[in-house]
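Subject: Structure handover

Hello,

Please find the structure below, with its sequence. My notes come after it.

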Amino acid sequence: MPKLENIPTNIITGFLGVGKTTAINALLSQKPENETWAILVNEFGQIGIDQAVMEKPSDGVAIKELAGGCICCALGPALTSTLAILLRRSKPDRLIIEPTGIGHPAGIIDTLQNENFRDILDLRSVICLLDPRSLDNPETVSNPTFQDQINLADVIVLKKTDLATEAQTSFAEQQSSMLFPPKQAVIKSVNGEVSLNLLDLIGKGGRQALFPDAHSDAERSTSNLATPNTSSKVSLPAVQLQLIPKPAMPFVKEGQSNGLYSCGWVFNSEDIFKLDSLKSVFKSLLKIQRIKGVFHTDEGWVLYNQVIDEATFSPIAYRRDSRLEIITTQALAKEAIQKYLLDCLYTS
């Protein structure tokens with residue numbers, strides 16, 4: 001097997017719901033045909049949805065998902081193990097890592113540059129996606145992880161500028177351009193596009209986190225799925241959900257970390273939801289940070305994406321099962337939500 005060395009590596013970071021998966025899809029559409037790329041996706045939620053959302057070309061792309069926490073802290077050992085396996089199997093020409101929106105990039109950078117990977121991976125630009133409107137939210141701006149996602153980035157890409165006002169976009173652009181050390185680029189994304197040229201803009205000088213211990217708290221998660229005793233080896237959370245739920249009997253899994261709660265459901269692919277009923281359920285939920293789901297509905301398979309109170313539905317090619325992840329600032333009444341979801345199903 002050829003020796004793996006100097007693989008160009010990028011981290012695409014940004015806060016919850018900023019559009020990281022869309023950005024990676026845009027980059028994949030520009031991938032040279034003769035190259036193989038490996039994509040490692042991390043989700044705070046327990047069941048994993050981004051891999052279903054990510055558009056995968058026919059060949060030349062290997063996608064692996066780590067769900068159930070942040071790879072910068074609780075899934076640190078799993079990051080090392082999963083990354084090693086992904087690199088050996090795919091032998092990529094480029095590696096892209098997408099951390100969860102509440103993931104602190106410092107721990108990932110440390111892992112990529114430690115003795116296990118320093119001769120294998122060539123860390124190039126760390127790209128932070130920024131929604132200009134988030135700078136109007138004091139709770140977001142004061143978040144240490146949000147600050148260090150920007151602070152540790154080599155490149156800042158302003159996303160969702162079509163939804164922001166001109167004043168919000170100008171302010172974000174101005175503030176980003178005044179940071180020290182200076183960024184290699186501060187650009188505005190048009191229609192969600194991200195240029196391939198940004199991947200090799202390497203920062204000058206060391207990356208230094210302002211809040212390196214922002215994710216020092218241990219994460220806790222519980223599940224109604226049987227989890228084998230793997231105390232002697234790394235547990236890969238995403239593998240646990242290869243089981244197939246029975247119709248109208250979804251799997252449910254929940255977790256908690258850093259002041260946020262997550263709860264996820266996986267439904268059988270034969271379960272068909274009434275789309276209008278689903279919209280009503282999601283609209284009724286309060287204090288929501290993030291909802292993402294793929295559903296088999298009476299109007300076809302759809303992707304649902306909600307950040308706080310901003311929501312979209314769109315068609316999706318995924319067909320394996322229906323799945324939903326909700327992230328909120330308070331514990332969820334999962335039994336009540338599950339009843340609402342089951343009430344949205346067509347029954348024979």
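This is a predicted model: local features need pLDDT of at least 70, side-chain atom pairs count only at pLDDT 80 or more; totals for chains, interfaces and linings use all residues.

Residues are numbered from 1 along each chain as its sequence is written, and side-chain values use heavy atoms, with hydrogens and water left out.

The sheet

Helices (H or I, at least four residues) and strands (E, at least two) are DSSP runs, numbered from the N terminus. Two strands pair if DSSP finds at least two bridges between them. Seven strands make up an open sheet with parallel pairing, and their order is S3-S2-S4-S1-S5-S6-S7. At the edges are strand S3 (61-67) and strand S7 (185-188), each of which pairs on one side only. On average, neighbouring strands of this sheet are turned by 20° against each other, direction ignored. Axes here are lines fitted to C-alpha atoms, for helices over the stretch in contact, and angles run from 0 to 180 degrees between N-to-C directions.

Strand S6 (residues 155-158) and S7 run parallel and are joined by four bridges. Val 157 has Ile 187 in S7 as its bridge partner. Helix H6 (residues 144-151) packs on the sheet and touches strand S1 (7-14), strand S5 (121-130) and S6. The direction of H6 makes about 125° with that of S5. Contact means heavy atoms within 4.5 Å.

Buried means under 20% relative accessible area, exposed over 50%, and partly exposed in between (1.4 Å probe, protein chains only). Helix H1 (residues 20-28) is largely enclosed by the rest of the structure, because eight of its nine residues are buried. Among them are Lys 20, Asn 25 and Leu 28.

Pro 32 sits in the loop between H1 and strand S2 (37-43). Pro 32 is partly exposed, at 28% relative accessibility. What does Pro 32 contact, leaving aside its neighbours within four places in sequence? The contacts are Trp 37 and Leu 196. Leu 196 is 164 residues from Pro 32 along the chain, and their C-alpha atoms are separated by 9.9 Å.

Cysteines

There are zero disulfides in the structure; a disulfide is a pair of cysteine sulfur atoms within 2.5 Å. Cys 128 is buried at 2% relative accessible area, and Cys 263 is buried at 1%.

Salt bridges

Side chains of opposite charge can pair when their charged atoms come close. A salt bridge is a side-chain nitrogen of Lys or Arg within 4 Å of a carboxyl oxygen of Asp or Glu. The structure holds nine salt bridges.

One of them links Arg 133 and Glu 310, with the closest N and O atoms 2.6 Å apart. Arg 133 is in the loop between S5 and helix H5 (138-141) and Glu 310 is in strand S13 (residues 310-315), so the pair ties together parts 177 residues apart in sequence. Arg 133 is partly exposed at 22%, and Glu 310 is partly exposed at 30%.

Asp 321 forms a salt bridge with Arg 320 at 3.6 Å and another with Arg 323 at 2.9 Å, N to O. Asp 321 is buried at 7%, Arg 320 is partly exposed at 48%, and Arg 323 is buried at 3%. Salt bridges that share partners also join Arg 94, Asp 122, Arg 124 and Asp 200 into one network.

Regards
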